[in-house]
Amino acid sequence: MKRIAQITDIHLMEEWSAKHGSDTDTNLKLILQDVGARGIREVIFTGDIGHSDAYQRFFALLKDFDFTVIPGNHDRFADIKPHYLPEYLKTKSEMFHSTEDEHFKYIFLDSSSDSISEIQLQWLENELVTTKHVLLFVHHPILQVLTAVDFKYPLLNRDAVKDVLVRSGREITVFSGHYHTDDFTKEENIMQFVTPAASVQMEKNPLEIVIHSRYYGYRIIELEGRMVSTHVVLNHGNGFDVVD
């Protein structure tokens, strides 16, 4: 069985995180300690690293893991490049790529502009010509979530992205962040998991954005055959607990 830790929205060294009571440096260190203690070596970070001054610190903390990073709307590829430029990004101006193994195709999209570019959409359509189960990692959720963050800060062209995914007919599981909450949504051939932030959370409230720092966490993704199972891991101040 393959196990992956998905971490998202750490907002490292941002005044916004500290103002709402989150010690993001400690959070990230403790999350990575917990990931390592569980024997997980692969980490996928789905955006919002934080202040550009924090990038050196962020990548130094990840160095002992096999990690992949995609940007969020708080990130700029130009700022990330000096610290993280794997071979598959050297010829691109956006941070998107794909990999695959025996059962799964892993697709990583760049939604840092609050949309998926036309170049990525065309590329995505070609990448979805596969017989494998598709795992799609992107900062912004693609399917709607009933929360105020979704109404105010959605992926601007999510209908176009959803149309490409649905027309493919593939089995697609999306892992995202951005909304600072835990959510599961299913529509047609798409299953979507939104992962809680490693910094502060936002209540799933359709009327207003309510921020709190009562807990933080990450997600464990387990792959066996073509099957996907996943659990959220949260820390309320007394260590990490797996939430079913």
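In what order do the six strands of the open sheet come? Reading across, you'll pass β4-β5-β6-β7-β9-β8, and the pairing along the way is mixed. Keep in mind that you're looking at a predicted model.

Now pick out the two edges: residues 97–100 give you β4, and 183–187 give you β8. Each of these strands pairs on one side only. Turn the view to look across the strands, and you'll find neighbours in this sheet turned by 15° against each other on average, direction ignored.

Next, select residues 118–127. That's helix α5, packed on the sheet and touching β4 and β5. Compare directions: the helix makes about 180° with β5.

Then jump to residues 158–168 for helix α7, which also packs on the sheet. Its contacts are with β6 (133–137), β7 (172–176), β8 and β9 (190–194). Against β9, the direction of α7 makes about 135°.

Last stop: the largest pocket, with a volume of about 170 Å³. To bring up its lining, select Asp9, His11, Trp16, Asp48, Asn73, His74, Val149, Tyr153, His178, His180, Met202 and Ile209. Colour the lining by class and you'll get five nonpolar, five polar and two charged residues.

Notes. Residues are numbered from 1 along each chain as its sequence is written. This is a predicted model: local features need pLDDT of at least 70, side-chain atom pairs count only at pLDDT 80 or more; totals for chains, interfaces and linings use all residues. Side-chain values use heavy atoms; hydrogens and water are left out. Two strands pair if DSSP finds at least two bridges between them. Helices (H or I, at least four residues) and strands (E, at least two) are DSSP runs, numbered from the N terminus. Axes are lines fitted to C-alpha atoms, for helices over the stretch in contact, and angles run from 0 to 180 degrees between N-to-C directions. Contact means heavy atoms within 4.5 Å. On a 1 Å grid over the protein atoms alone, a cavity is a set of points where a 1.4 Å probe fits but cannot get out, and a pocket is an open set with protein on both sides within 12 Å along at least five of seven lines; lining residues have an atom within 4 Å of a point. Grid points are joined across faces, edges and corners, and a volume is the space filled by probe spheres set on the points. Ala, Val, Leu, Ile, Met, Phe, Trp, Tyr, Cys and Pro count as nonpolar, Asp, Glu, Lys and Arg as charged, and the others, Gly among them, as polar.
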